[in-house]
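Biologist: I have the model open on my side. Can we go through it together?
Modeller: Go ahead.

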Amino acid sequence: MTEFFGRISRRKFIFTAGVSASAVFLKGCLGNPPENLTGDRNQTIPAAQSVANISAEQKPETTTVKLGYIPIVEAAPLIIAKEKGFFAKYGMTNVNLSKQASWGSARDNVEIGAAGGGIDGGQWQMPMPHLITEGLITKGNQKIPMYVLCQLITHGNGIAIASKHQGKGITLQLASAKSLFKELKSSTPFTAAFTFPHVNQDLWIRYWLAAGGIDPDVDVKLLTVPAAQTVANMKTGTMDAFSTGDPWPYRLVRDKIGYLAALTAEIWKNHPEEYLAMRADWVDKNPKATKAILKGIMEAQQWLDNFDNRKEAAQILAGRNYFNLPSADILADPYQGKYDMGDGRKIDDKSMAAYYWKDEKGNVSYPYKSHDLWFIVENVRWGFLPKDYIANNAAKAKELINKVNREDIWKEAAKEANIAAADIPTKTSRGVEEFFDGIKFDPEKPEEYLKSLKIKKV
């Protein structure tokens, strides 16, 4: 792919925080802890490794950084890098992981930075770093330049539906449920909620609906709901759809609140999920520390992809300092690719599990620019960004992506960490991607992709 993304028009995203009608969810990018969890919270946390001998050329400018995270499996590389000592191994001995109440809180905290009591960066849905860079979702449209540094995970998400809709055809393929959506539209519209608009969760819901012939802006009601309200609202039947990530779907299925219509791994196998991104000013000031953080994350990602380590990983994540789960068992099955979908369907397929370092298509950690482009094209598709972003073979989009995506820093860190050359991508595009409905996204032809989509705003 050539260059990336120009300048975005200074428009603001408008999002609602209310709640309406029934209950569904996408297991994905936001942690929604069930209420009244009890059990043993005293899981043992392993001791950190000693700091390795670091050459003067690679010694971090600072040993301190503050990274935000949301308590879902996407955050695992950050947590494991800290708890297993991988950050410390590369000289980052004072990494502060700060649990964020919501994606809006994370955005607000990165605006002010750690110096102002916020964060230097952390875990993000896409394309939040690009939108923050352009001031599209910040207070007063303030532009806060961000750098995307690595992808954290693939998979770990899915779509779940309120139990009252079970048996009505609301599954991965929605053809048989179109009449139900029309019927609900005339009375109480089907309501799909997510925790932040115009990013992963919103886009997964929209793609799934549109692929089934349901217009998400006409046939259903979409809204933003704070994380703290999600479980309660689903229990009371005030939503039909919601997006959430492992480990929460297991609990929601077990409590018979809802069922999973699909994993996002079924919608787009080996899809990009959440990313590490940081304030550009912090990275520019601390380039060696940035690479040290990346090396720690890369080692954590490789550790996580050893399935023999996943029982220990589940125990660490379940601890009260992180996910605060009653039992690590809630994470154990999904981490092995085992999903009870709640409607009689069961999945036992390791290729559908979360992956952090490598999947069937190659490197997961490397931040492909072609994936950034898909997220931006989808924002154009739904009218969140103007169409000129993809005009002239997406010249404006590519200019922005070139500014935000720092895959060059990832490669430098990988080489310093002695990552095998075969595991370091040589191209910034992963090539043509294919979705469950047969649609293909060729990053060299983004306008053709948009034209191929039957339901869209542009």
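Biologist: Is R206 buried or exposed?
Modeller: R206 is buried, with a relative accessible area of 5%. Buried means under 20% relative accessible area, exposed over 50%, and partly exposed in between, with a 1.4 Å probe and protein chains only.

Biologist: What does the side chain of R206 meet in a salt bridge?
Modeller: D217, at 3.0 Å from N to O. A salt bridge here is a side-chain nitrogen of Lys or Arg within 4 Å of a carboxyl oxygen of Asp or Glu. R206 is in helix 6 (residues 200–211) and D217 is in the loop between helix 6 and strand 9 (221–224), 11 residues apart. D217 is partly exposed, at 32% relative accessible area.

Biologist: Before I go on, what kind of model is this?
Modeller: It is a predicted model, where local features need pLDDT of at least 70 and side-chain atom pairs count only at pLDDT 80 or more, while totals for chains, interfaces and linings use all residues. Residues are numbered from 1 along each chain as its sequence is written, and side-chain values use heavy atoms, with hydrogens and water left out.

Biologist: What is the mean pLDDT of the chain?
Modeller: The mean is 88, and 88% of the residues reach 70 or more. pLDDT is the predictor's confidence in each residue, from 0 to 100.

Biologist: Where does pLDDT stay under 50?
Modeller: Over residues 1–26, for which the model has 152 contacts beyond four places in sequence. The pLDDT is also below 50 over residues 28–48, a stretch with 82 contacts beyond near neighbours in sequence. Contact means heavy atoms within 4.5 Å.

Biologist: How many helices and strands does the chain have?
Modeller: 17 helices and 18 strands. They are DSSP runs numbered from the N terminus: helices are H or I with at least four residues, strands are E with at least two. Of the 458 residues in the chain, 63% are buried. Among contacts between residues at least 6 apart in sequence, 81% join residues at least 24 apart.

Biologist: Change of topic. How many aromatic pairs are there?
Modeller: The search of the whole structure finds 18. Rings of Phe, Tyr and Trp (its six-membered ring) pair if their centres lie within 6.5 Å; planes under 30 degrees apart count as stacked, over 60 as edge-to-face and the rest as tilted. W268 and F435 form a tilted pair, 4.6 Å centre to centre with 50 degrees between the planes.

Biologist: Which ring does the charged end of R406 sit over?
Modeller: The ring of Y147, 4.9 Å from its centre. R310 lies over the face of Y355, at 5.7 Å from the ring centre. The rule asks for NZ of Lys or CZ of Arg within 6 Å of the ring centre and within 35 degrees of the ring normal.

Biologist: How many salt bridges in total, by your rule?
Modeller: 26. In one of them, K346 and D340 meet at 3.3 Å, N to O. K346 is exposed at 63% relative accessible area, and D340 is partly exposed at 40%. Elsewhere, salt bridges that share partners join R107, D108, E111 and K139 into one network.

Biologist: Last topic, the backbone. Which peptide bond is cis?
Modeller: The bond from M126 to P127 is cis, with omega near 5 degrees. P127 lies in the loop between strand 5 (121–124) and helix 4 (128–133). N270 has a positive phi, near 60 degrees, and is buried at 4% relative accessible area.
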